[in-house]
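Please look at the sequence and the three-dimensional structure shown below. The paragraphs that follow lead through them step by step.

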Amino acid sequence: MDRRTPLARARGLGSAKEGVGHWWAQRLTAIALIPLVVWFAISLVMLSGADYATVRAWIGSPLVMILLSLIIAVGLHHAQLGMQVVWEDYTEGGTRVVMIVLTKFIAVLFGLGAIVAILRIGLGA
Amino acid sequence: MSVANRPVNRPLSPHLQVYRLPLLAWLSILHRATGIALSVGALYLATWVMYAAANPRTYAMFESFNTSIVGRIVLGGWLFSLFFHLCNGIRHLFWDAGYGFELKDAYRSGWTVIVVALIATVVSWIVGLRLV
């Protein structure tokens with residue numbers, strides 16, 4: 001039985017509204033991350049013990065620039081979607097809002113920072 | 001024995017302090033825990049790339065933590081988290097598509113996830129540290 005007031009329903013605070021978009025985005029990013037994570041894990045194992053110049057040459061190669069930007073962007077998006085659910089489950093009220101907003105800000109900040117860094121290495125800026 | 005004195009033998013609710021969690025519950029908890037760990041790990045990965053864009057000395061500082069004992073343990077834990085979350089995530093995607101819901105299948109896929117994640121972690125360590 002739906003106990004919400006007509007106003008609450010009209011505002012869309014309930015099931016099958018924005019939650020579906022969140023659910024789909026989490027699945028879509030999960031599927032995209034399967035090949036990316038496998039590639040990255042293998043690359044990292046191969047790079048283990050590599051020096052500064054080798055790491056930079058690896059990051060700066062065109063294919064790696066694309067894949068590394070992708071895994072960081074898609075990975076951070078997937079992470080912030082998941083962390084949002086964690087905050088929603090264990091916190092409430094003001095804390096919940098602040099933590100979710102903070103999580104999203106940090107994800108964007110680190111994502112952009114990493115992509116600028118990749119471009120600087122790859123383009124020699 | 002009167003009815004009132006008979007020992008109480010009602011089923012207990014699955015309260016966390018008296019209930020031994022089944023494998024499937026542990027896997028569910030571990031999926032969330034590794035997800036949180038990997039969220040932090042993603043920030044660490046972004047930081048690594050930013051350090052690589054800085055000068056060699058700053059990068060060497062960052063690298064010296066990674067190659068220390070503590071760094072190795074953290075990275076090893078991160079690698080296991082990555083493999084576990086990857087394998088269990090694929091298991092979740094199958095559930096989302098409507099497959100593998102039978103208890104027998106859920107246990108089988110659960111054990112598969114644990115074994116594959118552990119093997120992948122150990123192989124990564126052996127190859128990564130150039131032990132072979």
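Chain B has four helices and zero strands, where helices (H or I, at least four residues) and strands (E, at least two) are DSSP runs, numbered from the N terminus. Read from the N terminus on, the order of its elements is α-α-α-α. The radius of gyration of chain B, taken over C-alpha atoms, is 22 Å, well over the 14 Å that the globule rule gives for 132 residues, so chain B is more spread out than a compact globule. That rule is 2.2 Å times the number of residues to the power 0.38. The C-alpha atoms of chain B fill a box of roughly 85 × 35 × 30 Å, taken along the principal axes.

This is a predicted model, in which local features need pLDDT of at least 70 and side-chain atom pairs count only at pLDDT 80 or more, while totals for chains, interfaces and linings use all residues. Residues are numbered from 1 along each chain as its sequence is written, and chains are lettered from A and ligands numbered from 1 in the order in which they are written.

How many residues of chain B are in contact with chain A? There are 27, and they meet 29 residues of chain A; two residues are in contact if their C-beta atoms, placed from the backbone, lie within 7 Å. The elements of chain B that give two or more residues to this side are H1 (23-53), H2 (56-66), H3 (69-96) and H4 (103-128). H1(B) gives the most, with 13 residues.
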